[in-house]
Amino acid sequence: MPLNPKVLGEALDEDLTLHTTLCRRDAPAFQKACRSSDELVVACTQESRLFTELSEQTEGAVPLDVRPIHFVNIRETGGWGREAAQATPKMAALLAAARLPDAEPVPTVTYKSAGRLLVIGALQDSERIAGMVSDVLEVSLLATGGAGMQARRYPVIAGELQQVRGWLGAFDVSWSTTNPIDLDLCTRCNACLAACPEDAIGLDYQIDMDKCKSHRACVKACEAVGAINFQRDPQSHSERFDIVLDLRREPAFTQHAHPQGYFHLPGGLREAEAAMATVIKLRDLVGEFEKPKFFSYKQKLCAHGRNETVGCNACVEICSALAISSDLKRNQIVVNPNLCVGCGACTTVCPTGALTYAYPRASEQGVKLRTLLATYARAGGQDAALLLHSQEAGSALIGDLGRAASLDRKSVRGVPARVIPLPLWHTASIGLDVWLSAFAYGASQVWVLMTGEEAPQYREAVREQMAVAQAVLSGLGYAGQHFRVIEARDARDLADLDAALGAPAAQTVKRRATFALQAEKRATVELALDHLLQDSAARRTPMEAIALPGASLLGSINVNKDTCTLCLSCVSACPASALQDNTERPQLRFIEKNCVQCGLCASTCPEDAITLQPRLLLGEQRKQLRVLNEAQPYHCIRCAKPFGTLKGIEVMLAKLSGHAMFQGDALERLKMCGDCRVVDLYSNPGETRITDL
């Protein structure tokens, strides 16, 4: 592949020496670099294992735990494409990003497993797999039929499975036993099988009650052991296991992302490749394990609910691991870190930023984006398109595309010179705030490559959020399609992926932004919007607002003044202080910039007077208080002090005028302020007093 060390060195601000066989003939140059304490970046991922071992074996090399080696792929990502000669700016960008430090550590979630494995399935399949792992795991079997071995090598549970819940090291399994044969007592002598005239007993040593005609010959045959009792009452059992392997057709968990430590292998050993991979994973699940706590939650920003009324429920609905639940009594959501798989989709759909992705943090992603795009531009690159993809399946597809291009450049274009791949832990972990910031930093387009490993609702959520981002840019006058989801499942889709990556560039900013991504999502969105509003001022047509799709986290509300009584219930329900009252006069005021479109105001309003309006208001009025509704105050008929609103009091009087408790003086008293009501109660001679009784 063509390499230009001079241009790369200028872009990276260092002197570079070209090595063509660093893992072979030029290995001494790598060993020399290993002895330096400076940051070490190797532009090869294929031989990362070899370089790691070579560093460990080099005398005087800096230990890898002190100075790790950063590996980056510049070959399949561009050097092997049809446009390899123009890919130098992209290579510089990838090398610059590889020099960045690793993400700051975050709190971890710990799992402890003693290796207690429960295999659920037919006995013959369960016992075969148990034989592959029983030397390192303590295996129990929950039989669902089948024929078992004569030898009792593993504890066998028989019964109807009720529930499996939990995670690695803490699976609670409950089942009920209704069968007459007690497997704990059964010696597998097979006398009952021989005695049963209906063949109702199988080699799983359980009685098929549909076939059994109550001859009870089996009871007599088992008399010495006493394992069969048709009078036994059904019993419920529960036990805790560390790992669960489920061989049934339907899994115990219905969600897309199963808990850590749960494996579903419906084909058993018949699916040789999947079975072998599963067995290898099972054997390694003994000990203590850690994973990052991928999320951060700030309850004060959450718009999930107020006063036991649900507002925003986006995170609960989208979570593919069922790790998020509602806690309306405390006006918040609850995230189970043991079930969370780190997809980050909840942070993408969260309108307030109450849920944020913690590993890596948004600020760290921002530094990487700015480094990539600034280096790309400094090296002469134009119209950069960011391709966000997963670290495993996405990287594999890009590698396949690069290799295909190296073998057949006439038919396969490969990754274009302007397309910069960026691996993520999960493609749904980055949302509107980061996409708009990347565009403000100078990216022409932001694409997300999805490979089928994502939950279906993730693809839909990303598309909806991208529609919002596209509507913003189109409304601001930027031509072209800037955001897109690209789908490619495996090597059979390489032709479609190759064509999709060749899409034309879209219009980008004239002046690249320099702001840093903030810890709070809304703050980042505001910085990006402010920059884009300034940059697009000359190219956009005069308009007051940009209409946005329904999934927008930006917008206004409309108030029906004919039905609104200014009870101000919406003000107390608003979690973002977008709705405010006025202590001086009856007014409902609104700051559009603060509105997160959660809908709590609309669901709280007793008159159904509020509707949401997704939009981006372009003027300064968006940041200012404006009056949505105001009313004439109602004056006390006794002291003339204003209290309540004229419409509110009139509505109350109309509703209560027919009630027996509010007739005559009682109805008139409703027209008084709180002080005058008390005075009237004590001074009115017509009122009954306790002293008169």
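Biologist: What volume does the second largest pocket have?

Modeller: Rolling a probe the size of a water molecule over the atoms shows where empty space is left. A pocket is an open set of points on a 1 Å grid over the protein atoms alone, with protein on both sides within 12 Å along at least five of seven lines. A volume is the space filled by probe spheres set on the points. Here the second largest pocket has about 1300 Å³. The model is predicted: local features need pLDDT of at least 70, side-chain atom pairs count only at pLDDT 80 or more, and totals for chains, interfaces and linings use all residues. Residues are numbered from 1 along each chain as its sequence is written, and side-chain values use heavy atoms, without hydrogens and water.

Biologist: Which residues that line this pocket are the closest to its centre?

Modeller: Lining residues have an atom within 4 Å of a point. There are 34, and Ala257, His258, Lys281, Val341 and Glu453 are the closest to the centre.

Biologist: Which strand gives the most to the lining?

Modeller: Strands are DSSP runs (E, at least two residues), and helices are runs of H or I, at least four residues. Strand 12 gives the most, with four residues.

Biologist: In what order do the four strands of the open sheet stand?

Modeller: Two strands pair if DSSP finds at least two bridges between them. The order is 20-19-21-22, with parallel pairing. Strand 20 (419–424) and strand 22 (483–487) are the edges. Five bridges join strand 21 (residues 445–450) to strand 22. Val448 stands opposite Val485 in strand 22.

Terms used
On a 1 Å grid over the protein atoms alone, a cavity is a set of points where a 1.4 Å probe fits but cannot get out, and a pocket is an open set with protein on both sides within 12 Å along at least five of seven lines; lining residues have an atom within 4 Å of a point.
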